[in-house]
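Visitor: Please show me the structure, and let us then examine the grounds for each term applied to it.

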Amino acid sequence: MPSMRQTIAAGLKGIPQLESAARHLKATVPYRYRLGRHFFEWYQRFKEAETWSPEQTDAYQQQQLVRLLQKLKLRHPTYREMLKGHDAAHAAAHLDSVFPVQTRSGFRNIPSRPELASSLSPASTSGTTGNALQFFHDADDNQREWAAICHQWRRIGYDPITSWRAEFRGLVPDGRIVQKFPEYNMLRCSILDLGPESVRHYADACRHNRVAFLHGYPSALDLLARTCVREGIRFEGIRGIMLASEMVYPHQTEMIEQAFPGARLIAHYGNAERVALGAWCETERTYHMLPLYSRIEVEEDGSLIGTNLFNAVNPFIRYQMSDRIRVADRKVCPACGRYADPLVLTVDGRAEDYLYSPVRGWIPPAIITYPLKHLRVVREIQLVQREKNAVELRYCTGDNADGAAEIADIAAGLQSILAGVSIVPVQHESLSRGGTGKFRWIQSELDQRLDA
């Protein structure tokens, strides 16, 4: 059952005036109290854990894993069967022999247990594989998640209580290019509008609200930076930039650093399943994965297998990500001396391209995922662009199901993002993959020189 607060929030949704009034009313409560007690407990714990020995860290992981498995054995039929003949402590110590690697398709076959949470927080993967996954977290876990992210951002000076940030990720309502969230100390700027006039407006909005940090998709911030450099636009007082949700390329960081001299950059790697989270060190660009956040295994081919230590509603135990990582042969960072398990040199994997709109220019790949988040009949999607005014929408369905209605909705969503582009649906029995098995969900054959 939804709480009274959730019911009221749902009633306000979709009424812009009431939503805005509710935000400003909520913002009158000091942010320290809005963050919640669990946030500060975890924020402090993540900091303290940086001084723990490897033995202390491993002991904590095992303790939390035992608690999770005890709960699952008691109340989740699927995992009760898996744990038959094992007590939780033995299973936690021999996780790889008790639990097989969990794939996305296998996860879909395991039922949710919403009664194991006090309240639910719906989540989904981004859809970058063309096949988004829907699931739940316990709503109480959201404070831990935000604390983990803010803990990493403090490496570049971000303060979760006092710092204002501008997000270049997600969507803003139609007819607006900046949306203000005073209750979160945040602005959201449209990444579909990165022309000179809009970017000047963003710079003014950031200055007016004393924004000191930018947060967004690397591809979107790269486009923003290119406009700033080309047009001579300056954002005043930007101290740090947080990159997220996409792979980071050197040409992007070079352009961002040129547009925002003096700003410190940090990239963090995470996922909706919450099976791995890490961010760049302060002193060099290697990812410190947080061992208090999850348990990580790395296969010989670089496959990342993660275990969420807290989700009993939709358990992710030895869950295989589509990404590949390259790890250091040590677990102590030579630059800062902190323990990281693992210490990740590079995150490889998802092959992404930009799509082009004659009206809006180059569109970052992460924003294209929004119409793909709620697939039901359609199993996989691939977008192919050979001409500037047309995109082929390739798709396949499961069990010969009729996906025409769903594809029509997806095409309409893509059309709203890719203004001036015709969307051409084409059904396939299966979609091709590269020689390594990697699935390229966007294939662009256009000239990728962004200033062309």
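Guide: K84 is exposed, with a relative accessible area of 57%. This is a predicted model, in which local features need pLDDT of at least 70, side-chain atom pairs count only at pLDDT 80 or more, and totals for chains, interfaces and linings use all residues. Residues are numbered from 1 along each chain as its sequence is written, and side-chain values use heavy atoms, with hydrogens and water left out.

Visitor: Why is K84 called exposed?

Guide: Exposed means over 50% relative accessible area, buried means under 20%, and partly exposed lies in between (1.4 Å probe, protein chains only). The value for K84 is 57%, so K84 counts as exposed.

Visitor: What makes the contact of E81 and K84 a salt bridge?

Guide: The term requires a side-chain nitrogen of Lys or Arg within 4 Å of a carboxyl oxygen of Asp or Glu. The N to O distance for E81 and K84 is 3.2 Å, so the pair qualifies. Side chains of opposite charge can pair when their charged atoms come close.

Visitor: What makes F39 and Y43 a stacked pair?

Guide: The structure holds 18 aromatic pairs. Between F39 and Y43 the rings are 5.4 Å centre to centre, with 15° between the planes. Rings of Phe, Tyr and Trp (its six-membered ring) pair if their centres lie within 6.5 Å; planes under 30 degrees apart count as stacked, over 60 as edge-to-face and the rest as tilted. The pair is therefore stacked. Both residues lie in helix α4 (residues 37-49), four residues apart, about one turn of the helix. F39, at 0% relative accessibility, is buried, and Y43 is buried at 14%.

Visitor: Why is the pair W42 and F310 called edge-to-face?

Guide: The angle between the planes is 85° and the centre-to-centre distance is 5.5 Å, so the edge-to-face class applies. W42 in helix α4 and F310 in the loop between β12 (303-308) and β13 (319-327) are 268 residues apart, and the pair links distant parts of the chain. W42 is buried, at 9% relative accessible area.

Visitor: How do you know that the charged end of R144 sits over the ring of W42?

Guide: The term applies if NZ of Lys or CZ of Arg is within 6 Å of the ring centre and within 35 degrees of the ring normal. The charged end of R144 is 5.9 Å from the ring centre of W42. R154 lies over the face of Y43, at 3.8 Å from the ring centre.

Terms used: Helices (H or I, at least four residues) and strands (E, at least two) are DSSP runs, numbered from the N terminus.
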